[in-house]
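Morning, everyone. Let's take a quick tour of one model, helices and then strands. Please bring it up.

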Amino acid sequence: MPETAIARLKKTILFQKLLEKEDLLEEYEVSKNIISVIREIAPLLERIPENMPEFTLHNANHSAKVVELMGKIIPSDTLNHLNIIELSILIYAAYLHDIGMTASRDEREEIITKNPEFAKLRIFNEELSLKFDEAKRDGDHRTATFIEDKLFTEFLRRNHVDRSHKYTKKKYGLKETPISWKGIPYYKLVQAICDGHGLPVRDLYDTKCWRRNALVGDQNVNVQYLSVILRLADILDLDPERTPRSLLDFINPKDETSIKEWKKHLSIIGCKISQEEINIEAECEHPIYERALREFVDMIETERKESILLTSRYKDDLAEKYRLDLLKPVIKENIRSNGEYIYSDFHFKLDFHRVIDLLMGERLYGDPTLTLRELLQNSVDAVRYRESMEKNEGNQFQPFIKITLKNQELIIEDNGIGMDDYVFENYFLQIGKSYYNSPECRSSGVEIDPVSEFGIGILSIFMVASSFILESRRKPLDPLNPPAPINVEIPTAYDYFVRRSSSRFEIGTKITLSLKSDHPFSPISLVEKISEIAPFIEYPIIIETSEKTETYKPYVPGEKIYDVKDTKEYFEIVFDDEIKGIKGKLRIFGSIGNSNSIFGKSKYSVFAQNGFSIPCDKLLPDNLFFNIQASINLSGQSKLSLSPNRLDIVKDERYEKLIDIIQSGIMQAYEKYLITLRDSVTTTEYVEIVNKLLEMNIHSFPDKHRIGGGFVYKKKEVRKFIEYLFLNYAPLLTISDDGQRIYKMMKDLNKFNLAIVGINDWEEKIPDAVILKETKHFVGEETVLLMDEEKGSFPRYYFLDKILGNFSDIYITSIPGLVIMSFSDQVGEGTFSLCYNTNFTYRMHGDQIEKEPLFVHPPNISPEDPDMFGDVVYNAHHPLLAKLLSYNKPKDEISSEALKLLIYQIDKCLQHLWERVDSQSLKRNHRFRESANINYVLVGILKYYPQIFKEFYEAMEEYWEEAKNIGAISLDEEFIGFSVDDLPWFWNCELSDIKLE
């Protein structure tokens, strides 16, 4: 392999010219050194595809082709003028400029695991980073490896110039180096030429780095000219030799950019390169490849013009010796379709004025005060950039941001990095481009995670201002040659700018807005508005108004920004992950009073991204939406995709990854809180707190229909976890065999042998032991009895319903008001719901009655809530219902309508009954009226309010006639009647008549 590369090199014009000159001197040291270097380098270049498998070839053939192209583009007389050192430098550079693309397996592993530049690349390439983390989490090692390979390839591409520089120094910067002549090493000149191929042409004008008259012994070397030659020859290696079709089929690249590069080269059918012209002919199979090739030709033409411009500045001997004769423009006329398509440049074109109106208007931003946010974001980014730069240079830096509101002017000034003409023209004036997101910024070595993203924020100024003035001065990279300051007036978004001279000395930027008469800013609200916009930025802001001057001091993530009175904090979730980029706290609160929720709005929560606030409504779990307070700042990997006006969050992979982190953190913290609570307080205190959590719906399932906001994510997983917490940590009140009330966890109970009774708040009349005895009599001796008399009883019953399924049996016992619900594992035998979600059961049991009632209130209903009074369980076997049902469904649509009519009539009677029971005029000789158990309240109600039976009877008669009218009951069928036995038996029982043992 090395010998093949050497053989090809020996045929090149440059090497033959070198030999000619050595023959004249009878010295062959340089050519021998070149051969020895190529013999070492060629095998390494062949290994580049190991790390860059989808790239077009950068092997020894590419290097040889670059040498061949150098011989074609250098004019003959210039080639004759070049000395052996200059010729050798060109050859060395051709073989060493891409050597940085090689890396051993050990080096690759070292870079991936330890190199900060690679870590930075992964962080800032957010899309690939998210996909990599997801693949690792899912155990998809193939995808993870593919993404890692892609990132490593990008790392080598970005850093190969610097790596080539370091390799050349390490390998050939030794005392005994082959890149030398008569004992004089000149590898540094080779380094300079290789460095130049990765920089803009304008950088080559720096004659301190790229000298025109360097000396090696007595030989002059024009480093600048040689750098131009390498750049041109490198970009001109574009024929199919670099992308053989067979190799494309073998590699089968997946990356769209790589595919386009390969196809672009394969489209070339002719390429003529000489001292005077560059001519390319191509036939393309798709317009996307033709467009890519045309754009590439434009790049070649730009390189040609800039190279000619640079060398045209040579005077006298330099101009005579170092020439470029490529005066003809590189044309695109010979790049064409293969006949399968008609090439065009048709694409959507924008109405400039209308688009600008949209971008700078309230239709996009909504709130005019967002102008302040956009300007403040720019200042913070600029200060962060300069702070990082000064830190890298070991300098002290005191950040400064000031906002002034006076005399119909709003001024934002900072001492950030500032702007020069280049940044102003290429980024500030380019709507949609952000300097901080540009490759130029990312490759500068300055670490910054910018807030600015879209590059359209500056247009928001015109929502509130008629014009503005920009003054700026950029921190100079070279203090001896500082860039000129900028002073520009922007009268409107459409007009040409007015530029004025400036003597500004301070580094940084000042923007002065001439406010419209209806602007939204006021001296009173300015500080409050800034605290809403930028809660967690790291810099104080001086605020000067016509009334006073003060300093806004931002909050720290996790700090409570809003205090809410009459609340209790239960637990908090702490986030402090610099790698994932999430910092702060979530606090779970509950009201001290009777209200189930404390906030009613999410305004008490603050989420920010890089210090600036973002919407909360999609970032809080829906089941905690009204009981959670956030103080969180996001950055790096956790940054979210925002709409251009920052008023909405895009629900993409980043969003899902973040809410997964939030949700997991809450669940872990909740379980830890319950464990700590259980082990640190008395049982009574523990029960009270857990019941309160249930009552306030803090311990609840996610629900997409909840009013308010928040996210519902991985619903099944969350439901399982909430169930797990309930089973393991929610205490349930039971009656032991000796009649004592004790608390047990659901996990300790036989879940298919449970029964529930309502609250027993008249123990002196109906002891718990009697209730337990009655339960065992009806349900079974092994039954565990749950007492439904805790706060949070309805949520608790809801959990039992979801964990165990609907209750299967209703027992109307021989004890007045004692109704029992039981659960069993009989599939399909439980309750079912029809119209209005009303419960029906075929398994309603009685003891002292021959006839089962039409309905009964279940034991989990409390009369404290009037809306719950109508909740009953219907007996599906009752004659009034049986004729309408076929197992768990209405027989037909008419029967379904009849069911609705029947339930409506019963609901109407129950509502009237409740109004009567709640009336002070109803006198009773026992105090069950004061009970929280609805069935206790109704014991003997027919004795004290007999009219209710008449109301039920008439209601059933009315229903019967309505059912006939719609055809649910035949017209000749007599009313089946309605008796006291159709109501629960204890409605007609005087408590004093019953003896309880």
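At what angle do helix α7 and helix α12 pack, and how far apart are their axes? First, the ground rules. This is a predicted model: local features need pLDDT of at least 70, side-chain atom pairs count only at pLDDT 80 or more, and totals for chains, interfaces and linings use all residues. Numbering starts from 1 along each chain as its sequence is written, and side-chain values use heavy atoms, leaving out hydrogens and water.

Now the answer. Helix α7, residues 84–96, packs against helix α12, residues 187–196, at about 55 degrees, with axes 9 Å apart. Axes here are lines fitted to C-alpha atoms, for helices over the stretch in contact, and angles run from 0 to 180 degrees between N-to-C directions. Helices are DSSP runs of H or I, at least four residues; strands are runs of E, at least two; both are numbered from the N terminus. That angle makes α7 oblique to α12. Oblique is what remains after under 35 degrees (roughly parallel), over 145 (roughly antiparallel) and 65 to 115 (roughly perpendicular).

Who touches whom? From α7, I89, Y92, A93 and L96 meet L189, V190, I193 and C194 of α12. Contact means heavy atoms within 4.5 Å.

On to strands. β5 (268–273) and β6 (278–284) pair antiparallel over five bridges. Pairing takes at least two DSSP bridges. G270 stands opposite E281 in β6. A hairpin of four residues joins β5 to β6.

Last stop: an open, mixed sheet of five strands, ordered β16-β17-β20-β18-β19. Its edges are β16 (567–577) and β19 (612–614), each pairing on one side only.
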